[in-house]
Amino acid sequence: MSNLWKGLLGYPRFVLALCATLATFPAYAAPASKESVERLLEVSMTDVTVDIMYSDIEKFLRKMLNTQIDRRGVTLAQDLSIDMAIDRFLKKVRSEYNWTSFKPLFVPIYQETFDQQEVDDLIAFYETPSGRAFVNRTPIIAQRSSLLMQQQEQILMPKIERAVEQLVKEINDIKR
C-alpha cells in the first residue's frame, strides 16, 4: 500500500467518509435467471390471468361480431352456420392468444424488470398463505375493477362528449 493511502487511512474522518461514499454505490444485482422467472410466473398463476383476459376478449369479440352480422331473414341452418363460423374464428384467435404463446415474451420482460433477489423474494411471497390468497383473489379484483371501470365509463362518457363538443366549438371559433 502506498504511503499516501497509509497516511489517509490514519485519519478517522477520511475512513468514515470513504466508507460512507462506498456505501452509496449501488450493489451489483444479479440478473434473474430464466428458470426463476418461469417459477415466479408459475406460482403467481400468470397463465390463469392470461386465460381470464382471453375470456373477456372473447366475450367482446363475440358481441362485436354478433352486432355487425345481419341475421335478418336467415334460416335456422344459416344461423347455425354463422355461429359455427364465429366459433371457428374465435378458436383461431385462441390458438394464438394463449399462455404457451405469451410465456416466451413475458420471461425477458420479468428478467429486465426484476433482479434475482427480487424474483426470489416474490416467489417466497407467492408460496406463503397470504401470497396464495392474493393470487386466488386477483381474478375477483380484476373482474370487479373491470365492472367498476365500465360503470365509470358510462358516467364519464357524456361529460367527455360534451367537453369535446365545447373544445371543437372553441377551436372553430379560434380559426374564424
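Reply: Contact here means heavy atoms within 4.5 Å. The model is predicted, so local features need pLDDT of at least 70 and side-chain atom pairs count only at pLDDT 80 or more, while totals for chains, interfaces and linings use all residues. Residues are numbered from 1 along each chain as its sequence is written, and side-chain values use heavy atoms, with hydrogens and water left out.

Me: Which residues does L40 touch, not counting residues up to four places away in sequence?
Reply: L40 is one of the residues with the most contacts inside the largest nonpolar core. A nonpolar core is a set of buried Ala, Val, Leu, Ile, Met, Phe, Trp, Tyr and Cys residues joined through side-chain atoms within 4.5 Å. Beyond four places in sequence, L40 touches Y110, V119, L122, I123 and Y126.

Me: Which elements give two or more residues to the largest nonpolar core?
Reply: That core has 20 residues, and V37, L40 and V119 have the most contacts inside it. Two or more residues come from each of α3 (34–43), α4 (46–68), α5 (76–96), α6 (99–113) and α7 (116–126). Helices (H or I, at least four residues) and strands (E, at least two) are DSSP runs, numbered from the N terminus; the protein chain has zero strands, and its helices number eight.

Me: How are α3 and α7 oriented to each other?
Reply: Their axes come within 9 Å and cross at roughly 30°. Axes are lines fitted to C-alpha atoms, for helices over the stretch in contact, and angles run from 0 to 180 degrees between N-to-C directions. Angles under 35 degrees count as roughly parallel, over 145 as roughly antiparallel, 65 to 115 as roughly perpendicular and the rest as oblique. The crossing angle therefore makes α3 and α7 roughly parallel.

Me: What classes of residue make up the contact of α3 with α7?
Reply: From α3, the residues S36, V37, R39, L40 and V43 meet Q116, V119, D120, L122, I123 and Y126 of α7. By class, the contact has seven nonpolar, two polar and two charged residues. Ala, Val, Leu, Ile, Met, Phe, Trp, Tyr, Cys and Pro count as nonpolar, Asp, Glu, Lys and Arg as charged, and the others, Gly among them, as polar.

Me: Is S36 buried or exposed?
Reply: S36 lies in helix α3, and beyond four places in sequence it is in contact with Q116, V119, D120 and I123. Buried means under 20% relative accessible area, exposed over 50%, and partly exposed in between (1.4 Å probe, protein chains only). With a relative accessible area of 9%, S36 is buried.

Me: What covers the buried residues of α3?
Reply: The buried residues of α3 are S36, V37, L40, L41 and V43. Their cover includes α4, α6, α7 and α8 (129–175).

Me: Which residues of α6 does α4 meet?
Reply: The axes of α4 and α6 come within 11 Å and cross at roughly 125°, so these helices are oblique to each other. On the α4 side, T46, D47 and V50 take part; on the α6 side, W99, F102, F106 and Y110.
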